[in-house]
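Dear colleague,

Please find the structure below for your records. My notes on how its two parts meet follow after it.

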Amino acid sequence: MDSNVNHASAVTVNQQLFKQGAEARLFTGSFFGRKTIVKERFSKKYRHPELDERLTKERMRAELKGLMRCKNIGIWTPAVYFVGSKSNTVHMELLENVDTVNIYIGKLLMGCVDGSCDVQCTNKLKQLAEEVGITVGKMHLAGIIHGDLTTSNILIDTTNVENESTKPKLALIDFGLSHVDNSAEDKGVDLYVLERALTSTFSNIPWFFDIVLTSYRGTYTSGGEEVFKKLEEIRLRGRKRTMIG
Amino acid sequence: MVIVMGMEGSANKVGVGIIKDGEVLSNPRKTYITPPGEGFQPAETARHHQGVIIELVDKAIKEAKIKPEELDVICYTKGPGMGAPLVVVAIVARTLAQLWNKPIIGVNHCIGHIEMGRAITGAQNPTVLYVSGGNTQIIAYANKRYRIFGETIDIAVGNCLDRFARILKLSNDPSPGYNIEQMAKKGKKLLQLPYVVKGMDVSFSGLLSFIEERYNSLKKQYTPEDLCFSLQETVFAMLVETTERAMAHTGSQEVLVVGGVGCNERLQKMLEQMCLERNAKCFATDERFCIDNGAMIAQAGLEMFNAGVRTPWEETFCTQRYRTDDVEAVWRTD
Ligand SMILES: Nc1ncnc2c1ncn2[C@@H]1O[C@H](COP(=O)(O)OP(=O)(O)OP(=O)(O)O)[C@@H](O)[C@H]1O
Ligand SMILES: Nc1ncnc2c1ncn2[C@@H]1O[C@H](COP(=O)(O)OP(=O)(O)OP(=O)(O)O)[C@@H](O)[C@H]1O
Ligand SMILES: [Mg+2]
Ligand SMILES: [Mg+2]
């Protein structure tokens, strides 16, 4: 790092809150001229201080590892610029002109009458579903479990989405619950989390997740089938639970 | 003016409640209590319910100061729950409906918890944390259905508490969870336990087997009070965290906690604290309405009755598996 640079002004954080997630506050800022997101894991007053400290540290570590591992295998993730280990902050690249997939699907469906899509909207959704399947398939092939694979944690580049011939460009974020594991179980749970995030919010496009699964299995040919079987088992668990025993 | 009788007995509690419009007129309940270290089994539980249900009906009617003729509809729990106890209640409900010549409505138990909570607290459109012996779900309403955003991928949190209480041989009277709560108040030392959240889902089976396997050595270093304290701090933090994640995901600013575990004051405190930090509102009720009871079935039944729902005679059976999101919430107009 250039020793002549004045750190106080080279690294800035805007006071105004950018977003409040479940476990962190996000601010915008800059790092040596680059626009950043500063994700601050603040302590949760509701939980025991020892537990809080343990979880915060675990998740900081998991977030950094997850972002790096995904970047290494060619998945688009924000670059990490700086880690404040005392303040529990990560300064990372601000991805500009993006929507969460959650918001994006909502916008697409809003343009359709009665929630039933026209051809153009359907095509966009299909392309998106395929790309989601490919991205998650790649990640699982590398043994990375996301741990919180909801549609709020997948971002889509909105600069070129109007163009039908270009594939949607997706980024993965929020790796605080991620870990490395090659078991079909954890991968199945990742898919289950994604499925429910989709079906609970967008109940009128049940085919969306089917396309995700098809392209997932097409990408992750060595293990996708086994994960798919596991997913079916996990879905049943929710329905078969009993209170005896 | 609509007067509804609701009958519930899907697990070890059996209750009869009478509601007039939104007002609870009576709500007596009895609990089948097993000795310390033992859970309740379907056949014995059903027998218990059989023995007390008629006196509960009598009591509910007397306390409500109404005559059976004044009832507009009889509602019973259709499921989910344990088969044999469910059947006991359904048979009595069907018999009374015939005898008094009233329409009948089969109610989803989980919906009963939600609608009772909404009615008592006045929460409009909350994210619901439903925590009991058989269920652990994070629910939000959209498009005529209560949709499940998160849930346990193995055992329910109440089941985890109850089985833990059995390891420690705590009393089941009035409930294992209540006794854990009292002991936890005196606990100090936090034992590090497996903490498992996956997105909006939780898992408790690993934590339970962790304690099961090590109990003999753990009890040398930790008092039973410490263990109760550690268990509560850990599992409740998991519940609050996933609830908060669901709120962040849906943009919701209200939480309602329902189900037997929901009357735990430590859990309620933690939810309130979480809400305070994100400018949201927290709603909870006490054990009269959190723990399974007849009025909650009457309240959901009232909503259904007003929306024109009646259960045809051929469909007045029970079902052990009956998902919250299987029900179309026709009474909700938002
Ligand atoms: N690098 C980034 N560039 C642009 N937007 C981002 C970036 N990181 C996060 N965001 C936005 O901020 C939101 C919250 O971020 P993130 O998911 O990391 O926080 P969180 O507190 O872990 O959330 P969660 O509620 O999922 O636990 C994201 O949904 C996204 O909209
Ligand atoms: N104060 C308390 N703190 C924690 N748990 C409690 C408390 N009181 C009761 N419980 C727990 O609540 C559970 C019982 O909940 P409830 O009466 O709602 O339903 P249930 O019989 O489990 O049925 P269902 O799952 O179908 O709703 C038991 O696990 C009991 O230990
Ligand atoms: Mg997130
Ligand atoms: Mg219950």
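**Domains and their interface**

Chain A is divided into domain 1 (13-93) and domain 2 (98-244), with bounds that come from an automatic or database domain assignment. This is a predicted model, in which local features need pLDDT of at least 70 and side-chain atom pairs count only at pLDDT 80 or more, while totals for chains, interfaces and linings use all residues. Residues are numbered from 1 along each chain as its sequence is written, chains are lettered from A and ligands numbered from 1 in the order in which they are written, and side-chain values use heavy atoms, with hydrogens and water left out.

Taken over C-alpha atoms, the centres of the two domains of chain A are 23 Å apart. Domain 1 of chain A brings 16 residues to the contact and domain 2 of chain A brings 18 residues (contact: heavy atoms within 4.5 Å).

Between them the two domains bury about 1,300 Å², with 70% of it on carbon and sulfur atoms (buried area: the accessible area, 1.4 Å probe, that two parts lose on being put together, summed over both). Of the area that domain 1 of chain A buries against domain 2 of chain A, 42% is supplied by Ile73(A), Ile75(A) and Trp76(A), more than by any other three residues.

The count between the domains is one salt bridge (a side-chain nitrogen of Lys or Arg within 4 Å of a carboxyl oxygen of Asp or Glu). Lys39(A) forms a salt bridge with Asp174(A), with 2.9 Å between the closest N and O atoms.

Yours sincerely
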